[in-house]
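Trainee: I have a chain open and want to go through it with you. Shall we take it step by step?

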Amino acid sequence: LIVFQGHYHPGSLHTINGIPYYTLAAVIAGDGPAQNSYGIVEVDKDLNIHIKGYRKAVSADFKRKKTSK
């Protein structure tokens with residue numbers, strides 16, 4: 001459904017060959033809560049992915065493409 005990876009200092013979102021890639025922002029630069037990067041991932045019944053990012057993490061939605069059977 002999705003690939004999660006880290007860390008790339010600014011973070012990134014890409015889709016390659018229809019597969020979403022979500023890279024968390026690095027938390028190694030600086031200290032304190034403002035430097036954290038985390039999120040909550042939800043997958044709905046249609047397999048759409050919803051990410052609620054906190055601190056440095058970006059929120060994102062990935063809609064699953066319908067495939068013909």
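Trainee: Which residue forms a salt bridge with K45?

Mentor: A salt bridge here needs a side-chain nitrogen of Lys or Arg within 4 Å of a carboxyl oxygen of Asp or Glu. The closest N and O atoms of this pair are 3.7 Å apart. The partner of K45 is D46.

Trainee: How many salt bridges does that rule give?

Mentor: First, a caution: this is a predicted model, where local features need pLDDT of at least 70, side-chain atom pairs count only at pLDDT 80 or more, and totals for chains, interfaces and linings use all residues. Residues are numbered from 1 along each chain as its sequence is written, and side-chain values use heavy atoms, leaving out hydrogens and water. The count of salt bridges is one.

Trainee: Is K45 buried or exposed?

Mentor: Buried means under 20% relative accessible area, exposed over 50%, and partly exposed in between, with a 1.4 Å probe and protein chains only. D46 has 39% and is partly exposed. K45 has 77% relative accessibility, so K45 counts as exposed.

Trainee: What percentage of the chain's residues is buried?

Mentor: The chain has 69 residues. Its C-alpha atoms fill a box of roughly 50 × 20 × 10 Å along the principal axes. The buried share is 23%.

Trainee: How many strands does the chain have?

Mentor: Strands are DSSP runs of E, at least two residues; helices are runs of H or I, at least four. The chain has zero helices. From the N terminus, the order is β-β-β-β-β-β. The strand count is six.
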